[in-house]
Amino acid sequence: MHELIGDITLCILFAWGLGLAAHFSRQPLILAYLLAGFFIGPFGMEWVKSQELIRTISELGLIFMLFMIGLEIDLKKIMRAGPVILIAGGGQLLGGCILGVLFFMAIGLPIDVGGFDALYLCVACALSSTVIIVKVLYEKHELDTLPGRITLGVLVLQDVFAILFLAVQPSLDDLHITIVLLSIARAGTLVATALILSRYVLPYLFHQIARRPELVLLGALAWCFLIGEIAEQLHLSREMGSLVAGVSLSTFPYALEVTAKVTTLRDFFITLFFVALGMTIPIPNGSVIGLALVIAAFTVVSRLSTTFLPLYLMKQGLRASLLPAINLAQISEFSLVVIQTGLIAGHIQSETASAASFAFVVLAVLSTFAIGRSDQLSRYGIMFLKRIGLRDLDRLQAGEGGHGAGHGEPRRIVILGFFRAASALLSEIECRDELMLDQIGVVDFNPVVFSTLSARGLHVTYGDISNVDTLVHAGVGSAEIIILSVPDSLLKGANNEKLVRHVRSLNPTAKIISTADRLSDVEDQYAAGADYVTVTRLTDAQELFAAIEAAENGLLADKRAETDAILEGRREVLP
């Protein structure tokens with residue numbers, strides 16, 4: 001026992017030390033944990049002795065991680081997902097698996113009884129890293145953009161696919177149609193049991209203990225292990241049971257509190273899981289490194305093709321089709337779980353598992369940089385795609401003879417960039433002076449904005465507002481009023497100060513209305529040539545103060561009624 005405590009101490013210390021290095025170098029923490037395990041493990045310094053005990057404890061981390069992933073899968077969002085996300089996710093998973101099986105079989109990996117290396121690798125390569133993607137997109141303020149929402153939607157569908165694979169995985173050695181149907185029936189029984197209990201039993205129990213946080217935490221853990229044990233009795237895996245337990249609680253009123261309570265425990269055990277996984281990675285030989293590079297290259301190529309093509313064929317435009325493909329081009333931490341379960345079950349060779357782990361490390365590093373610079377990469381990609389003959393939305397619209405691509409008389413008022421403020425502005429104009437809509441032109445590269453505004457008969461130009469050619473094409477030089485309503489945090493390739501300078505150089509006489517995030521930006525934009533700069537947080541502060549006054553005077557219900565009256569009947573493009 002003392003030896004175990006010492007080994008855990010080493011694991012945590014090295015994970016923390018390398019985690020600090022990863023944080024400052026902006027690398028994934030999972031990469032640091034794997035390296036820590038490799039360094040102190042049997043293929044490194046050989047400092048850790050109780051690997052079996054560490055592995056047993058780390059399995060708790062795996063159970064907690066899958067429980068947390070389940071809590072974050074919102075079934076309601078999946079049901080509400082539009083056809084774009086559903087088709088893109090389905091195309092990526094189906095296409096990735098088909099290409100994966102064919103490719104890995106072609107390079108000589110087995111896919112029959114006695115070896116399922118090709119199957120496990122195709123599944124692993126079809127999954128993308130939620131941890132890496134969400135972290136980088138959050139830091140870039142792109143989670144709520146169209147490419148960001150498509151990316152997150154595909155990630156959710158990938159999690160559902162992983163659940164289905166975990167249901168079938170224990171029966172791969174004797175996989176017949178009856179076995180598959182039996183596995184699906186067992187999984188259905190497990191899901192039905194969890195959903196019924198979470199619907200009719202848990203609400204009452206959690207309501208009784210809602211004011212006892214320690215019991216809420218204990219209840220959540222008891223639920224996780226109970227469903228895990230039911231899964232084990234159904235000849236499924238405890239890992240799948242914990243995932244189903246989380247999903248069944250995802251829409252539960254106490255899900256947020258449960259997530260907050262379990263996160264700390266999860267982080268501790270999951271750190272041990274990845275450190276223990278790092279201990280199993282041997283010093284690679286040439287064949288392992290070669291296979292790892294092949295896996296990494298296949299993952300990038302297959303993700304670009306299977307994600308880009310469905311989106312492009314659904315007329316999402318080159319940019320909105322390319323960015324999700326770049327975002328998703330890595331292997332998931334869940335893929336390591338899939339590979340590890342295959343290794344434990346004897347379905348794959350240790351060399352294949354090691355190569356998959358190295359491919360994860362390579363792609364984790366490259367993907368972090370790629371997502372951080374996805375805008376620059378997408379510009380180069382769009383240039384290449386146009387050279388080989390692919391047409392963007394503006395060209396497609398022009399070919400169809402539509403007016404939405406910016407042809408015809410330039411508009412007197414031009415809105416550069418279209419997000420929530422511009423959406424609200426158009427709705428306000430529609431309510432107050434509908435005739436003004438004929439005088440307005442919009443420039444943006446969001447395909448939803450382009451198609452929706454075009455369908456409403458508005459003049460819209462599809463293009464990047466940071467590109468001077470787009471501004472010229474949109475008629476900025478002859479406009480009388482030019483509005484920049486997108487904050488700097490959401491602009492790509494420019495900021496409002498630079499845009500003001502570009503616009504002023506193209507049109508010396510227009511009245512330019514721009515937006516500032518920070519108070520210090522106001523004077524810079526005036527110096528660049530803006531005629532009026534809005535600071536939205538000031539108007540937000542005035543509205544909040546008015547709400548406080550209404551609450552103090554007992555008039556908050558009246559103020560809400562006024563707001564409800566304003567919201568009623570508004571047709572915003574971006575609700």
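**Labels and their grounds**

Mentor: In this predicted model, a nonpolar patch on the surface is formed by Ile196, Tyr200, Val201, Tyr204 and Leu205, which together have about 560 Å² of accessible area. Helix H9 (177-200) and helix H10 (202-208) are the elements that give two or more residues to the nonpolar patch.

Trainee: Why is Leu205 called partly exposed?
Mentor: Leu205, which is found in helix H10, has a relative accessible area of 43%; buried means under 20% and exposed means over 50%, so Leu205 lies in between and is called partly exposed.

Trainee: What makes both faces of strand S1 (residues 413-416) count as covered?
Mentor: Ile413 and Ile415 are on one side of S1, Val414 and Leu416 are on the other, and all of them are buried, which means under 20% relative accessible area. In a regular strand the side chains alternate between the two faces of the sheet.

Trainee: How do you know that S1 and strand S2 (residues 440-444) pair?
Mentor: Pairing needs at least two bridges, and S1 and S2 have four, in the parallel sense, so they are called paired. Gly441 is the bridge partner of Val414 in S2, and S1, helix H20 (residues 420-432) and S2 make a right-handed β-α-β unit.

Trainee: What makes S1 and strand S4 (residues 481-484) a pair as well?
Mentor: S1 and S4 run parallel and are joined by four bridges, where at least two are needed, so the term applies here too; in S4, Val414 has Ile482 as its bridge partner.

Terms used. Residues are numbered from 1 along each chain as its sequence is written. This is a predicted model: local features need pLDDT of at least 70, side-chain atom pairs count only at pLDDT 80 or more; totals for chains, interfaces and linings use all residues. Side-chain values use heavy atoms; hydrogens and water are left out. Buried means under 20% relative accessible area, exposed over 50%, partly exposed in between (1.4 Å probe, protein chains only). A crossover is right-handed if, with the strands pointing away from the viewer, the path from the first strand over the helix to the second runs clockwise. Patches are made of residues with over 30% relative accessible area and no salt bridge: like charges are joined within 9 Å, nonpolar side chains (Val, Leu, Ile, Met, Phe, Trp, Tyr) within 5 Å. Accessible areas come from the Shrake-Rupley method with a 1.4 Å probe; for residues, only the protein chains shown count as cover. A salt bridge is a side-chain nitrogen of Lys or Arg within 4 Å of a carboxyl oxygen of Asp or Glu.
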